[in-house]
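User: I have a chain to look at and have not seen it before. Can you put it up and walk me through it?

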Amino acid sequence: MSFFEKYGKPQVFKASKSLTPKEVLLAAVAKQHRILAGETVLSAQKKTPIRSWFRYGYFKPTVGVYALFGEASYACKPGEESAMLTEFEASVMKGGFDELLLGIGIKRGRRGMH
């Protein structure tokens with residue numbers, strides 16, 4: 001029996017709604033707040049714990065699989081993570097990262113650009 005006979009033809013699966021990069025980032029920020037509060041947050045697909053954006057004294061946010069600042073990150077002193085994340089979230093909501101998010105949208109293949 002061939003693979004196609006057993007499993008059928010490949011299908012295209014689409015999300016019911018493509019989120020904009022900004023929506024993806026804000027959802028991730030909410031998860032990061034929960035991680036900082038001590039909760040274990042699992043990824044939707046793999047059901048494995050999501051890693052904190054605060055590691056080894058640095059802050060490196062991501063939009064899905066893409067790092068918002070590329071290879072760069074910000075230094076963060078211990079105990080300042082929550083304040084930094086709150087300020088970051090406020091800036092995202094005010095449009096402070098819209099230009100970077102536009103670049104992420106292009107990398108994502110223009111999904112959810114509107």
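Predicted model: local features only at pLDDT ≥ 70, side-chain atom pairs only at ≥ 80, totals over all residues.

User: How many helices and strands does the chain have?

Analyst: The chain has 4 helices and 5 strands. Along the sequence they follow the pattern α-α-β-β-β-β-β-α-α.

User: And what is its radius of gyration?

Analyst: It is 17 Å, whereas a compact globule of 114 residues would be near 13 Å. Along the principal axes, the C-alpha atoms fill a box of roughly 60 × 30 × 25 Å.

User: OK, helices. At what angle do α2 and α3 cross?

Analyst: The axes of α2 (residues 21-36) and α3 (residues 81-93) cross at roughly 165 degrees and come within 11 Å. Angles over 145 degrees count as roughly antiparallel, so α2 is roughly antiparallel to α3. The crossing is left-handed.

User: Which residues make the contact?

Analyst: From α2, they include L25, L26, V29 and L36. From α3, L85, F88, V92 and M93 are among them. The residues of this contact divide into 8 nonpolar, 4 polar and 3 charged.

User: Switching to the sheet. What is the strand order?

Analyst: The order is β1-β2-β5, in an open sheet of 3 strands with antiparallel pairing. β1 (54-55) and β5 (74-75) are the edge strands, each pairing on one side only.

User: How many bridges join β1 to β2?

Analyst: There are 2 bridges between β1 and β2 (residues 58-59). In one of the pairings, F54 has F59 of β2 as its bridge partner.

Definitions and conventions: Residues numbered from 1 in each chain as written. Heavy atoms only, no water. Axes fitted to C-alpha atoms, helices over the stretch in contact; angles between N-to-C directions. Parallel < 35°, antiparallel > 145°, perpendicular 65-115°, else oblique. Left-handed = near helix turned anticlockwise from the far one by under 90°. Contact = heavy atoms within 4.5 Å. Nonpolar A, V, L, I, M, F, W, Y, C, P; charged D, E, K, R; others polar. Pairing = 2+ DSSP bridges. Rg over C-alpha atoms; globule rule 2.2 N^0.38 Å.
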